[in-house]
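Student: Could you take me through this protein? I would like to start with the overall picture and then go into details.

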Amino acid sequence: MEAQFFRFLKIVGVGFKARAESEGRLLFLKLGYSHEVELAVPPAVRVFCFKPNVICCTGIDKQRVHQFAAAVRSCKPPEVYKGKGIMYVDEVIKKKQGKKSK
């Protein structure tokens, strides 16, 4: 019996989206940079995009799944002022207060 491990990532931000290609072997991310970020998915991991803003990393090896999910997140970690970026679904981002205007 093989245990499947999942890691769901949520992309927050206007115009930010992800798409998986070639049977979950490639992940393309539009993250507001001048280029699209292209990630090659390791062999032990599969990637699905249910919506343009929800990525699911799945596989048999928990460490590889979580490591790849962390690599995806590091492309655009969540930002503390507006809460934009790539975060885990179960993650809570503490928002900071911006500059106070008089």
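**Overall fold**

Tutor: The protein chain has 1 helix and 7 strands; helices (H or I, at least four residues) and strands (E, at least two) are DSSP runs, numbered from the N terminus. Please note that this is a predicted model, in which local features need pLDDT of at least 70 and side-chain atom pairs count only at pLDDT 80 or more, while totals for chains, interfaces and linings use all residues. Residues are numbered from 1 along each chain as its sequence is written, and side-chain values use heavy atoms, with hydrogens and water left out.

Student: In what pattern do they follow along the sequence?

Tutor: Along the sequence, the pattern of the protein chain is β-β-β-β-β-β-α-β.

Student: What box do the C-alpha atoms fill?

Tutor: Taken along the principal axes, the box is roughly 60 × 30 × 20 Å.

Student: And how much of the chain is buried?

Tutor: Of the 102 residues in the protein chain, 31% are buried. Buried means under 20% relative accessible area, exposed means over 50%, and partly exposed lies in between (1.4 Å probe, protein chains only). The accessible surface of the chain comes to about 6,800 Å², and 56% of that surface belongs to carbon and sulfur atoms. Such areas come from the Shrake-Rupley method with a 1.4 Å probe, and for residues only the protein chains shown count as cover.

Student: What share of the contacts joins residues at least 24 apart?

Tutor: The share is 44%, taken among contacts between residues at least 6 apart in sequence. Contact here means heavy atoms within 4.5 Å.

Student: Which feature does UniProt place at residues 14–88?

Tutor: The UniProt record, an unreviewed entry, gives "domain: Large ribosomal subunit protein uL6 alpha-beta" for residues 14–88. UniProt positions are given in the numbering used here, feature names are shortened, and annotations may be inferred rather than shown by experiment. In the model, this span is 16% helix and 41% strand, and its end C-alpha atoms lie 18 Å apart.

Student: Changing topic: which residues form the nonpolar patch on the surface?

Tutor: Phe6, Phe8, Phe48, Phe50 and Val89 form this patch, and together they have about 490 Å² of accessible area. Patches are made of residues with over 30% relative accessible area and no salt bridge; like charges are joined within 9 Å, and nonpolar side chains (Val, Leu, Ile, Met, Phe, Trp, Tyr) within 5 Å.

Student: Which residues form the aromatic cluster?

Tutor: Phe6, Phe8 and Phe50 form one aromatic cluster.

Student: Now the charges: how many salt bridges does the search find?

Tutor: The whole structure has 6 salt bridges. A salt bridge is a side-chain nitrogen of Lys or Arg within 4 Å of a carboxyl oxygen of Asp or Glu. One of them joins arginine 19 and glutamate 36 at 2.5 Å, N to O.

Student: Why does that pair tie together parts of the chain?

Tutor: Arginine 19 lies in strand E2 (residues 17–21) and glutamate 36 in the loop between strand E3 (26–30) and strand E4 (37–40), so the pair ties together parts 17 residues apart in sequence.

Student: What does arginine 73 pair with?

Tutor: Arginine 73 forms a salt bridge with glutamate 91, and the closest N and O atoms are 2.7 Å apart. This pair links distant parts of the chain, 18 residues apart: arginine 73 is in helix H1 (residues 62–73), and glutamate 91 is in the segment after strand E7 (85–88). Arginine 73 is partly exposed at 22% relative accessibility, and glutamate 91 is partly exposed at 22% relative accessible area.

Methods. Phe/Tyr/Trp six-rings, centres within 6.5 Å; stacked < 30°, edge-to-face > 60°.
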